[in-house]
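Keep the sequence and the model in view while reading.

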Amino acid sequence: MGGKALFGRYWKADSPLHRLDPRTKLLGTLALVVIVFLAQNFLALGFVALAIACLFPLGRIPLSQALRSIAPLSFIIAITALFNLFFVQGGAPLADWGWLRISEAGMRSALFIGLRLTLLLLSGSLLTLTTPSLDITEALERLLAPLGRWGFPAHEFAFVMGLALRFLPQFTDEFRDIRTAQVARGANLATSPFRSGPAALASLIVPLFASVFRHADTLSAAMDARCYHGSQGRTRLRPLAFGARDRWAALALAALAAATVALSML
Amino acid sequence: MGIVDFHSVSFSYDGRKAALDNLGISIEPGAFLAVLGGNGSGKSTFAKHINALLVPDRGTVEVLGRPTADPACTYFIRSNAGMVFQNPDDQIVAGKVEDEVAFGPENLGLPPDELRRRVTEALGKVGLAGFEQSQTHELSGGQKQRVAVAGVLAMEPQILILDEASAMLDPQGREGLMALCRTLHDGGFTIVMVTHFMDQAAACDRVAVLHEGSLALDGTPEEVLTDGAALEHLELDSPFAVQLCRKLQAQGVPVETCLGEGELIAQLQALLGADAEPVRCSKPAEPSAIQTAVPASAPEPLLTFQNVSFSYEPSPSKAEAATDDAAGDGWGNRPDEPWALRDVSFSLNQGEFLAIAGHTGSGKSTLMQLAGGLLQPAAGTVRLQGRDLADKRAAAEARHSVGMVFQYPERQLFAATVADDVAFGPRNLGLSEDEVDRRVQEALERVHLSYRDLKDKSPFALSGGQQRRVAVAGVLAMEPQTLILDEPTAGLDPRSHDRLLALIEDLHRTQGLTVVMVSHNMDDIGALADRVLVLNRGRIFASGDPLAVFSDAAGLEAIGLGIPRTYRVALALGLEADFDRIPAIGDVARAVAARHRQGL
């Protein structure tokens with residue numbers, strides 16, 4: 001369980017970033033992603049990198065935590081960078097082993113793409129590090145709400161996501177208990193559950209599903225008993241409200257985008 | 001007119017069998033009502049009618065003067081008659097405590113300031129102030145039920161319904177919830193408590209007993225719970241004190257039937273006069289270190305733990321330094337306890353019945369998995385028949401000779417038929433189909449279930465008590481020599497509880513299995529165990545003969561555990577010297593009667 005280096009983990013702190021409206025952060029992250037793609041040369045990308053690097057201290061997130069949060073996905077960066085290193089050719093050759101050549105263009109491209117991917121992942125982790133999952137689902141609900149006009153069940157969609165997040169740790173625990181019990185009955189699950197035959201697989205999956213249905217039955221009664229009837233007339237303990245801080249954030253992002261475009265044209 | 005009125009209510013789930021049958025009852029404002037009944041008596045159905053989760057087929061239910069069948073009144077009724085369910089894990093909607101408590105009032109459409117006020121107030125009332133930001137899945141069972149109560153209180157209802165809300169809690173959590181209900185009742189709440197614990201019912205102001213969907217008995221606890229013959233007919237037990245009173249009266253001891261243990265003890269102390277010493281509960285147990293060291297001369301024990309430590313944390317010593325001073329929030333178990341087990345040594349002899357006591361989170365389940373070779377200790381060694389379980393082959397063999405029945409074992413049932421489920425273990429051993437069949441038959445017989453009647457049934461179609469027996473049979477089919485059971489009677493109604501306990505006794509006494517039973521039910525332990533090991537926060541707190549361990553009532557209470565009720569009475573009357581093992585209820589009655597005759 002330990003839960004050490006998960007992408008998407010929340011970092012508890014009180015900072016200007018934590019206090020932003022989650023909708024601002026969700027849209028802001030999207031804006032950052034666009035800005036990263038707007039940067040067309042090293043100068044512009046370096047500038048964006050500097051800006052993102054400043055956001056972490058602003059969110060009171062230690063650098064180690066920031067890097068750790070993207071560590072599980074760093075292999076994507078490594079593979080993409082290597083691809084570019086060997087397959088993009090042009091300019092002066094830097095190294096040549098016959099069939100394997102590294103050219104200047106390849107080196108530039110690898111560095112550029114590697115940096116760009118790192119920045120994309122860091123922007124994403126910035127959102128999850130500073131925003132509890134429930135707030136993200138609510139922001140999503142509110143941003144998707146206009147789609148309700150065309151019949152999209154925005155509230156239900158977000159609510160189900162919230163419930164899934166709430167039950168995830170519980171089902172993880174239950175699955176572990178079921179597994180332990182079946183191993184104690186001699187099931188050979190130690191290696192791969194898929195190689196140990198249908199009975200062993202069923203011995204894990206059937207009890208888990210039975211448990212899901214059992215939970216769902218009572219849960220729906222418990223929600224009914226507390227007057228749940230969809231989003232209509234429902235208020236929130238922490239209502240979302242845009243404030244001055246959100247306007248400043250939007251302005252800052254716009255300035256960052258403009259500067260990035262300008263630097264890219266140099 | 002009462003706050004809740006049932007007028008000849010009938011209800012059926014399937015249109016054939018009546019769950020409620022012409023039920024009429026009126027609950028007065030400010031009542032503290034216990035609703036009792038055997039399985040299928042309709043008590044849960046009754047509770048759901050008050051909350052308008054179900055509406056009657058015939059008759060009417062009125063809550064605060066409004067009919068539950070009128071859809072316009074549904075939310076008024078639900079917000080005024082809040083309901084807490086049995087399983088704490090099923091009814092929690094949100095990941096964060098404050099969101100969970102706010103869920104009800106949010107649905108009522110209250111403004112955020114009011115929501116905040118209600119969340120703070122409700123959490124304060126249930127004794128969880130300051131838990132707003134905690135994650136719900138990290139709480140103990142008792143705490144989760146308190147959060148559930150807070151979620152109901154935040155709707156500011158007038159009626160609180162608890163549907164077996166304490167059935168899955170440990171004694172500590174159960175008492176906490178009961179005390180909370182008492183406080184709320186004193187504050188003016190009407191409380192309806194569906195329960196199958198007689199001692200809880202005895203603490204209420206009014207008791208209603210349902211039988212086959214109708215009201216069978218209704219009155220004060222004194223009127224209802226002392227009527228042994230009527231209760232027996234309704235498949236219910238009497239409260240402990242009433243049972244003891246009846247046994248005493250049969251022995252010719254002139255006591256008046258009473259509900260409370262304290263009251264009975266006072267009567268008996270007066271009766272036995274100055275001879276009997278007053279409460280003398282704190283004879284300290286033998287120091288555990290001496291008791292637990294493995295004696296060199298003893299015959300080779302079956303299972304030994306030598307200085308075993310285990311942790312789920314990667315670096316427990318660091319975590320311990322960080323959390324050590326945060327000890328004891330009054331609820332016993334902390335999910336962040338760095339050491340699941342710390343320096344535990346004991347041995348188990350062939351043919352013994354060892355009980356491991358301790359509340360949730362004391363390390364009992366970890367110990368059990370170490371004994372079965374399912375976990376490896378961080379330090380120390382676990383030996384089974386002299387072989388170190390750190391060796392992979394020894395651990396694999398341990399899984400065959402040690403049978404493990406985990407908590408709520410019926411939750412592992414999966415096969416289409418009972419026979420297939422029980423056969424899962426033997427088939428994993430690679431036995432021939434004939435041998436598998438023989439073992440399935442035998443295992444089902446050993447748990448007193450009929451192979452012929454049940455083998456082709458789906459395990460999911462059986463009653464809770466039967467499902468648990470099938471799960472035990474699934475373990476017995478591995479033909480283990482040792483059986484380890486984790487809270488085998490948890491969540492069962494009193495009848496199924498007694499039957500399962502009798503089964504465990506039979507497996508040990510008649511069928512010769514070495515048994516380790518993990519439990520927080522001290523009465524069960526007192527009735528069966530040859531030896532007790534008490535765990536507290538991962539360490540051995542006490543160990544040895546049950547009489548010696550349970551003599552330290554005060555010490556056990558300090559770590560949130562009780563002692564067997566029969567022995568508690570014996571200690572209070574100064575009769576402990578009369579027993580060489582934890583007495584059964586009849587033994588106590590006989591001893592009191594003997595003293596009484598001497599005194600005459």
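In what order do the 6 strands of the open sheet in chain B stand? The order is β6-β7-β8-β3-β9-β10, and the pairing is mixed. The model is a predicted one.

Two strands stand at the edges: β6 (81-84) and β10 (214-219) of chain B. Each has a single partner strand, so one side of each is left without a neighbour in the sheet. From one strand to the next, the twist averages 20 degrees.

Inside this sheet, β3 (residues 32-36) of chain B runs parallel to β9 (residues 206-211) of chain B. The two strands are joined by 4 bridges. B:L36 stands opposite B:V209 in β9(B).

Strand β9 of chain B also takes part in a salt bridge. The side chains of B:R206 and B:E28 meet at 2.8 Å, N to O. B:R206 lies in β9 of chain B, while B:E28 lies in the loop between β2 (18-27) and β3 of chain B, so the pair ties together parts that are 178 residues apart in sequence. Over all chains, the structure holds 45 salt bridges.

A helix covers part of the sheet. Helix α5 (residues 141-153) of chain B lies across β6 and β7 (159-163) of chain B. This helix runs at about 165 degrees to β6(B).

**The antiparallel sheet of chain B**

Another open sheet in chain B has 4 strands, in the order β2-β1-β4-β5. Here the pairing is antiparallel. The edges are β2 and β5 (66-67) of chain B, each with a single partner strand, so one side of each is left without a neighbour in the sheet.

Strand β1 (residues 4-12) of chain B is joined to β2(B) by 6 bridges, and the two run antiparallel. B:F6 has B:I25 as its bridge partner in β2(B). B:S12 has B:A18 as its bridge partner in β2(B). The hairpin of β1(B) and β2(B) has 5 residues between the strands. In this hairpin, B:G15 takes a positive phi near 85 degrees.

Helix α1 (residues 43-50) of chain B lies across β1, β2 and β4 (58-63) of chain B. Its angle to β2(B) is about 55 degrees.

| Helix | Lies across | Angle between axes |
|---|---|---|
| α5 (residues 141-153) of chain B | β6 and β7 of chain B | about 165 degrees, to β6(B) |
| α1 (residues 43-50) of chain B | β1, β2 and β4 of chain B | about 55 degrees, to β2(B) |

**The interface of chain A and chain B**

How many residues of chain A are in contact with chain B? There are 43, and they touch 54 residues of chain B. The area buried between the chains is about 4,400 Å², of which carbon and sulfur atoms give 61%. A:R185, A:R226 and A:L237 supply 23% of the area that chain A buries against chain B, more than any other three residues.

The rule finds 6 salt bridges across the interface. In one salt bridge, the side chains of A:R226 and B:E100 meet at 2.4 Å, N to O. Residue pairs in polar contact across the interface number 18.

Which elements give two or more residues to the side of chain A that touches chain B? They are α8 (154-184) and α9 (197-225) of chain A. α9(A) gives the most, with 16 residues. By type, the residues on this side of chain A divide into 24 nonpolar, 10 polar and 9 charged.

Methods:
Residues numbered from 1 in each chain as written. Chains lettered and ligands numbered in written order. Predicted model: local features only at pLDDT ≥ 70, side-chain atom pairs only at ≥ 80, totals over all residues. Heavy atoms only, no water. Pairing = 2+ DSSP bridges. Axes fitted to C-alpha atoms, helices over the stretch in contact; angles between N-to-C directions. Contact = heavy atoms within 4.5 Å. Buried area = accessible area lost by both parts, 1.4 Å probe. Salt bridge = Lys/Arg side-chain N within 4 Å of Asp/Glu carboxyl O. Polar contact = N/O pair within 3.5 Å; in protein donor to acceptor, adjacent residues only side chain to side chain. Nonpolar A, V, L, I, M, F, W, Y, C, P; charged D, E, K, R; others polar.
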